[in-house]
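Q: Please take me through this structure, one topic at a time. I will ask as we go.

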Amino acid sequence: MSGLFITFEGLDGSGKTTQLQRLAASLAADGHRVVTLRQPGGTALGDRIRSVLLDSKSEAELGAIAPEAELALMFADRAQSLKQVILPALDEGSIVLCDRYTDSSEAYQGAGRELGADRVLALHQAVCNGIQPQLTVLLLPPLEKSLARARRRNERHIRKTGSDENRFEREGEIFYRRVHEQYETIARREPQRVEVFAEEASIESIAERILDVVHKRLER
Ligand code: TYD
């Protein structure tokens with residue numbers, strides 16, 4: 001693995017996707033080879049899994065998705081994108097920016113769905129060989145702010161398309177509180193890997209700070 005593997009994490013509506021795109025553009029402008037992807041998704045198999053997992057109409061067609069099945073599907077997606085996209089790109093020396101990875105499973109399925117972090121981490125060892133990014137950018141603004149933003153975005157999406165894409169965004173505040181707390185736990189447990197951006201600041205200033213952190217990692 002000679003490239004640099006960076007993941008972006010945070011609640012729905014935390015702004016991580018915007019920051020990932022900004023970072024990708026800055027690094028590409030500096031002449032780096034950059035590969036971006038999101039989880040679930042990023043491969044043909046992953047896109048199928050994504051639509052099963054996120055489409056709010058899935059459960060009408062398929063019946064209630066068991067939390068354990070949801071967890072296993074997240075890891076099926078992850079295994080495929082590691083093999084097909086992430087590891088080959090790192091071998092070629094690219095910088096890989098991945099929108100969500102195993103921390104999402106620990107936070108959403110482990111804590112949100114209460115399956116337990118230990119179970120998620122055991123699965124990560126078994127399925128992903130324990131492969132972790134060198135850096136995780138965790139955007140963790142105050143919970144209330146993220147919730148409001150996610151709600152606004154979902155309403156816009158419903159107005160535009162008549163359907164709400166994301167099964168997860170229908171979850172209540174207690175679910176998201178557990179997710180938020182688990183992200184805090186992960187950050188405390190692995191301070192070397194996880195950089196937290198917790199305060200409210202402009203997109204611009206957070207983007208600059210992220211770029212700074214990444215430049216330091218590249219110098220190592
Ligand atoms: P995404 O499009 O990443 O949403 P956002 O842009 O709001 O982050 O949607 C992914 C959803 O899937 C998100 O609600 C979190 C959930 N998810 C999990 O529950 N577990 C996982 O392992 C992953 C990768 C995502």
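Q: Which residues does Gln 182 touch, leaving out those up to four places away in sequence?
A: Gln 182 touches Glu 106, Ala 107, Ala 111 and Ala 117 once residues up to four places away are set aside; contact here means heavy atoms within 4.5 Å.

Q: Before we continue, what kind of model is this, and how are residues numbered?
A: This is a predicted model, in which local features need pLDDT of at least 70 and side-chain atom pairs count only at pLDDT 80 or more, while totals for chains, interfaces and linings use all residues. Residues are numbered from 1 along each chain as its sequence is written, and side-chain values use heavy atoms, with hydrogens and water left out.

Q: Back to Gln 182, then. Where is it placed, and is it buried or exposed?
A: Gln 182 belongs to helix H8, residues 173–189. Helices (H or I, at least four residues) and strands (E, at least two) are DSSP runs, numbered from the N terminus. Gln 182 counts as buried because its relative accessibility is 15%; buried means under 20% relative accessible area, exposed over 50%, and partly exposed in between, with a 1.4 Å probe and protein chains only.

Q: What joins the side chains of Gln 182 and Glu 106?
A: A polar contact of 2.9 Å joins these two side chains. A polar contact is a pair of N or O atoms within 3.5 Å; within protein, one must be able to donate a hydrogen and the other to accept it, and residues adjacent in sequence count only if both atoms are side-chain atoms.

Q: Now Gln 134. Where is it found?
A: Gln 134 is in the loop that runs between helix H6 (117–128) and strand S4 (135–139). With a relative accessible area of 30%, Gln 134 is partly exposed. A polar atom of the Gln 134 side chain lies 3.5 Å from the backbone oxygen of Gly 3.

Q: And Ser 14, buried or exposed?
A: Ser 14 is buried, since its relative accessibility is 7%. Ser 14 lies in the loop between strand S1 (4–10) and helix H1 (16–29), and its side chain reaches the backbone oxygen of Leu 11 at 2.8 Å.

Q: Which residues is Ser 14 in contact with, aside from neighbours within four places?
A: Ser 14 is in contact with Leu 139, Pro 141, Ser 146 and Arg 149. The C-alpha atoms of Ser 14 and Arg 149 are 7.7 Å apart in space, although the two residues are 135 apart in sequence.

Q: Turning to the sheet, what is the strand order?
A: Five strands form an open sheet in the order S2-S3-S1-S4-S5, with parallel pairing. Two strands pair if DSSP finds at least two bridges between them.

Q: Which strands stand at the edges?
A: Strand S2 (34–38) and strand S5 (194–197) do; each has a single partner strand, so one side of each is left without a neighbour in the sheet. Neighbouring strands of this sheet are turned by 20° against each other on average, direction ignored. For angles, axes are lines fitted to C-alpha atoms, for helices over the stretch in contact, and angles run from 0 to 180 degrees between N-to-C directions.

Q: How many bridges do S1 and S4 pair over?
A: S1 and S4 pair over five bridges, in the parallel sense. Gly 10 stands opposite Leu 139 in S4.

Q: How many salt bridges are there?
A: The count comes to 18 salt bridges, a salt bridge being a side-chain nitrogen of Lys or Arg within 4 Å of a carboxyl oxygen of Asp or Glu. One of them joins Glu 70 and Arg 113, with the closest N and O atoms 2.8 Å apart. Glu 70 lies in helix H4 (residues 67–91) and Arg 113 in the loop between helix H5 (102–112) and H6, so the pair ties together parts that are 43 residues apart in sequence.

Q: Are Glu 70 and Arg 113 buried or exposed?
A: Glu 70 is buried, at a relative accessible area of 0%, and Arg 113 is buried at 18%. Glu 70 and Arg 113 are also linked with Glu 59, Arg 167 and Glu 171 in a network of salt bridges.

Q: What about Glu 144 and Arg 177?
A: Glu 144 and Arg 177 form a salt bridge, their closest N and O atoms being 3.4 Å apart. This pair links distant parts of the chain, with Glu 144 in helix H7 (residues 143–161) and Arg 177 in helix H8, 33 residues apart.

Q: Last topic: how many disulfides?
A: The count comes to zero disulfides, a disulfide being a pair of cysteine sulfur atoms within 2.5 Å. Cys 98 is in no disulfide, and the nearest cysteine sulfur, that of Cys 128, is 10 Å away.
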